[in-house]
Amino acid sequence: MTQSTVAASSLTAQIEAASRAVEARVIAWRRDIHQHPELGNREFRTAGIVAEHLRRLGFDEVRTGVAHTGVVGLLKGALPGPVVALRADMDALPVTEEADVPFASKERTTWNGESVGVMHACGHDAHTAILMGVAEVLAGLRSGLRGSVKFIFQPAEELPPDGEDGGAKMMIEENALENPQPLAIFGLHVTSRLPVGVLGYRPGPTMASADRMTITVQGRQTHAAMPWLGVDPIVTAAQVVLGLQTIVSRQVDITKEPAVVTIGMIRGGLRENIIPDSVEMRGTIRTFDEAMRDQVHERVTYLAQAISRGSNAGCEVCIRKHYPVTVNDPALTAAMLPTLRRVAGPERLLFVPKVTGSEDFSFFQRIVPGLFFFVGVTPSGTSLDKAAANHSPRFYVDESGLLLGVRALAQLACDFLESTEGADGAGAETKRPAAVPAE
Ligand SMILES: [Zn+2]
Ligand SMILES: [Zn+2]
């Protein structure tokens, strides 16, 4: 054993012990945050708890109010070395909780003008608590820690309220990845799709891009008994819905990557004997490749307008890009695989299929190489097919799975810092563009 491997293995053992020591508090933090969920850009209480925790741990820097309610903390190890970033999201969802837990949320608030229940139905409460646990673990080991760890607690991963900016993109615009620049970033997501004690990963495209489309078919209102006197936007919209399905089935190369085009909302008409003036449709587009993403956007716009023209209707298509493809850097993923295997155990690290859900962690990965992985939280004994999915009002987190998240992030950070050249970020390459790519 070289001196550095001895140091690394002793650090590994210390992380294990410190993670176990903080587990009960991670669960307590998670329950507290769960009982007091806050929607995107409104994570005031949660961010306050996080910032106070980091300050109490003696962090070298704690920036608050980043992208509204985000918190960025910097922990400098005693030994010189590079910088690595860890990210957790903090926001809840407009969902009324139905999970049978004593700390279930009873919160209600207003979201885009509607009164809604609030629930951590995606498990971001677990992410925040896990990263607070990692902060405690690594702060306790800083005398043996090489380099620095940047802790990013992010608001509004589930999109900010209409009319507001927020999330990872805004954190980057407000310099969350500057001073100092990390050489890599790690993040995780708890999932009902894996049993407790299991980690899931995959290199390359892992989660889909997500873009919202709004299509308005403009007809001409008339009596439903005399359709020839107007232009029927309902029949036209029906043709558009079916036509759009031929994009994935007939027009893009699905041997390259899968894609999804879904119309999830259609609205038009007031009563049975009037052909309305217009129909509005909304939907989502998911892809795993940025070129295919652009191609699908072009096809949606062209087809909707061409089909409408065939019925003498007008058609306006508005596609709003939300999140890019979450792409795990292949070299970073390969380099960190031994760490994940060691932490989970070889049988409990799974190569998982692509996920058509999306993540704004992808914005961070456009600036620095990143690895985003999954942590199982479905109780062993519960069928994965029957477990309530993330975003369900009955989404349930088996808290015995949180420790694995703490251990994984802490070990990834340390192993990365131990194995990467460069002091304080110098000497290693990043794929940093001049600015956040426009969306
Ligand atoms: Zn979610
Ligand atoms: Zn989520």
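Helices (H or I, at least four residues) and strands (E, at least two) are DSSP runs, numbered from the N terminus.

I noted that this is a predicted model, where local features need pLDDT of at least 70, side-chain atom pairs count only at pLDDT 80 or more, and totals for chains, interfaces and linings use all residues. Residues are numbered from 1 along each chain as its sequence is written, chains are lettered from A and ligands numbered from 1 in the order in which they are written, and side-chain values use heavy atoms, with hydrogens and water left out.

**Entry: strand β6**

I started with β3 (residues 79-89), which runs parallel to β6 and is joined to it by eight bridges. On that side V84 stands opposite V149 of β6. Strand β2 (residues 70-76) runs antiparallel to β6, with six bridges, and there L75 is the residue opposite V149. I then looked up burial, where buried means under 20% relative accessible area, exposed over 50%, and partly exposed in between (1.4 Å probe, protein chains only). Eight of the nine β6 residues are buried, so the strand is largely enclosed by the rest of the structure.

**Entry: the zinc pair**

Donors here are N, O and S atoms within 2.8 Å of the metal (3.2 Å for Na, K and Ca); water is not among the atoms, so sites may look incomplete.

Which residues hold the zinc ion (ligand 1)? I found C122 (SG), E158 (OE) and H391 (NE2), at 2.0 to 2.2 Å. Their spacing along the sequence reads C-x35-E-x232-H. E158 sits in the loop between β6 (146-154) and α4 (167-173), and H391 in the loop between β18 (370-378) and α9 (402-419), so this pair ties together parts 233 residues apart in sequence. E158 counts as buried at 18% relative accessibility, while H391 is partly exposed at 39%.

For the zinc ion (ligand 2) I got C122 (SG), H124 (NE2) and H189 (NE2), at 2.1 to 2.5 Å. C122 lies in the loop between β5 (114-117) and α3, and H189 in strand β7 (residues 184-195), 67 residues away. Both C122 and H189 are buried. C122 also bridges the two zinc ions, ligand 1 and ligand 2, which lie 3.1 Å apart.

**Entry: α2 against α3**

My axes are lines fitted to C-alpha atoms, for helices over the stretch in contact, and angles run from 0 to 180 degrees between N-to-C directions. The axes of α2 (residues 44-56) and α3 (residues 124-140) come within 10 Å and cross at roughly 10°. Angles under 35 degrees count as roughly parallel, over 145 as roughly antiparallel, 65 to 115 as roughly perpendicular and the rest as oblique. The two helices, α2 and α3, are therefore roughly parallel. Taking contact as heavy atoms within 4.5 Å, I listed the α2 side, including I49, V50 and L54, against an α3 side that includes M132 and A135.

**Entry: the four-stranded sheet**

I read the order as β12-β14-β10-β15, an open sheet with antiparallel pairing. The edge strands, each pairing on one side only, are β12 (259-267) and β15 (314-323). Neighbouring strands are turned by 20° against each other on average, direction ignored. Helix α5 (residues 233-251) packs on this sheet, touching β10, β12 and β14, and its direction makes about 165° with that of β12. Helix α6 (residues 290-310) packs on it too, touching β10, β12, β14 and β15, at about 165° to the direction of β15.

Technical notes. Two strands pair if DSSP finds at least two bridges between them.
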